[in-house]
Amino acid sequence: MAHDSSHEHHANVDHTSMGIEKEHPTWSTYWKVATILTLITVVEVWIYYIPSFVASRAFIPTLLILSAVKFATVVLFYMHLRYDHRLFRVLFTAPLIIAMTTIVALLFLFGKLSARTGLT
Amino acid sequence: MTHAAAAPSAHDDTHGHPPTSTGLDNKKIAIWAFIGSECMLFASLISTYLIYKGRSVVGPYPHEACLPPGCSTPLKAILNIPVTSASTFVLLMSSLAMVLALAAVENKDQPKTTTGEKILGSSKLWLWMTAILGATFLGFQAFEFTSFVHEGLTIRTNLFGSSFFTLTGFHGAHVTAGVLWLLTLLAIDYRRGLGPKDAINVDLAALYWHFVDVVWIAIFTLVYLIK
């Protein structure tokens with residue numbers, strides 16, 4: 001497709017003010033990302049219906065990892081954090097780290113997590 | 001700070017924003033800061049849900065059936081995973097439509113010869129698609145909430161009901177705001193057309209929309225899938 005030559009893209013877009021450091025992905029990349037996100041979701045729901053896997057210790061870590069991969073994929077490709085100015089990365093990841101640390105700390109505090117047994 | 005403000009001035013006459021010390025549009029910095037603060041809002045709601053999980057004295061419960069004496073009548077597990085999986089897929093596809101809408105606006109000036117290029121280059125089509133998919137997600141949520149109420153779970157029933165409706169209700173309110181934002185962009189597109197110079201404004205809406213999507217990715221796993 002003619003639009004895949006990335007440097008013809010966005011001729012009148014103000015790259016500097018939008019913080020675009022690397023050219024944004026092409027349409028074909030967006031479709032591939034959507035396919036990957038769909039496949040991961042299918043796997044998540046599929047393992048939910050396998051009783052032996054749900055009962056195993058791998059169930060929760062697997063779901064958390066798959067969810068984290070989906071989260072990172074959307075943020076990096078659809079929100080363009082992989083391509084845009086590093087200030088945006090700082091503005092997003094710093095509060096995210098605080099938020100995740102808070103969740104983990106509260107779960108420990110209220111006895112939902114234990115250093116020995118994991119999720120209770 | 002005069003020298004810092006003067007540096008990016010090459011852009012201000014053509015793209016309609018005043019010079020900034022970073023060279024970046026303040027609106028985009030603001031939306032990222034807003035998204036960062038929203039991360040902490042949803043973290044508080046998610047941690048509340050997780051802390052109260054499994055501590056409801058009466059049913060219905062999310063993943064387990066509720067039998068007497070916990071419930072006056074036997075109640076099945078209330079979460080409907082197939083329906084929520086479908087709504088998750090809808091929201092993921094809305095993110096794809098949103099990013100295609102932004103690409104269409106950014107590439108508005110590019111010549112389009114083939115039918116495929118014309119479809120991919122139609123900002124109206126992709127904005128409509130995103131708004132419709134967002135509204136469909138809200139429809140799924142309305143269906144879910146209604147069925148929960150019919151099965152005896154309200155925001156006042158138990159700790160699960162309180163934390164669940166608060167968390168998913170806040171998310172639904174964010175989706176509603178996103179749909180309204182998309183409709184305003186569509187109105188502008190019909191009125192005067194969105195072009196590359198409007199890319200920043202569409203980008204702001206897109207960032208908000210994708211954030212709503214990533215929050216749902218977390219909620220879907222933590223609330224619906226983890227038993």
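Which domains does the domain assignment of chain A give?

**View 1. The two assigned domains of chain A in the predicted model.** The domain assignment divides chain A into domain 1, covering 2–84, and domain 2, covering 86–120. Where these domains meet, four residues of domain 1 of chain A and four residues of domain 2 of chain A take part in the contact. On the side of domain 1 that touches domain 2, two residues are nonpolar, one is polar and one is charged.

**View 2. The contact between chain A and chain B.** Chain B contributes 55 residues to this contact and chain A contributes 51 residues. On the side of chain B that touches chain A, at least two residues come from each of helix H3 (26–52), helix H4 (81–106), helix H5 (115–120) and helix H8 (199–225) of chain B, and the largest share, 14 residues, is supplied by H3(B). Sorted by class, this side of chain B holds 30 nonpolar, 16 polar and nine charged residues.

**View 3. Val13(A) and the residues it touches.** Val13(A) lies in the segment before helix H1 (15–18) of chain A. With 24 other C-beta atoms within 10 Å, where 20 or more are required, Val13(A) counts as buried. Leaving aside residues up to four places away in sequence, Val13(A) touches Met18(A) as well as Glu106(B), Pro196(B) and Ala199(B) of chain B.

**View 4. Helix H2 of chain A and its buried side.** Helix H2 of chain A comprises 22 residues, 27–48, which at 1.5 Å a residue should span 32 Å, and this agrees with the 32 Å between its end C-alpha atoms. The buried residues of H2(A) are Trp27(A), Tyr30(A), Val33(A), Ala34(A), Leu37(A), Thr41(A) and Glu44(A); because they cover an arc of only 120° around the axis, they lie on the same side of H2(A). An α-helix has 3.6 residues a turn, so residues three or four places apart point the same way. Ser28(A), Thr35(A), Leu39(A), Val42(A) and Trp46(A), by contrast, are exposed on the other side of H2(A). The cover over the buried residues of H2(A) includes helix H4 (59–78) of chain A, together with H4, H5 and H8 of chain B.

**View 5. Prediction confidence along chain A.** The pLDDT of chain A averages 85, and 86% of the residues score at least 70. Within chain A, the mean is highest in H4(A), at 96, and lowest in strand S2 (residues 118–119), at 56. Residues 1–8 of chain A have a pLDDT below 50, although this stretch has 14 contacts in the model beyond near neighbours in sequence. Where pLDDT is low, the predicted coordinates should not be read in detail.

Technical notes. Residues numbered from 1 in each chain as written. Chains lettered and ligands numbered in written order. Predicted model: local features only at pLDDT ≥ 70, side-chain atom pairs only at ≥ 80, totals over all residues. Contact = placed C-beta atoms within 7 Å. Helix = DSSP H or I, 4+ residues; strand = E, 2+ residues; numbered from the N terminus. Nonpolar A, V, L, I, M, F, W, Y, C, P; charged D, E, K, R; others polar. Domains from an automatic or database assignment. Buried ≥ 20, exposed ≤ 12 C-beta atoms within 10 Å, placed from the backbone. Expected span 1.5 Å × (residues − 1). Arc of directions from axis to C-beta. pLDDT = per-residue confidence, 0-100.
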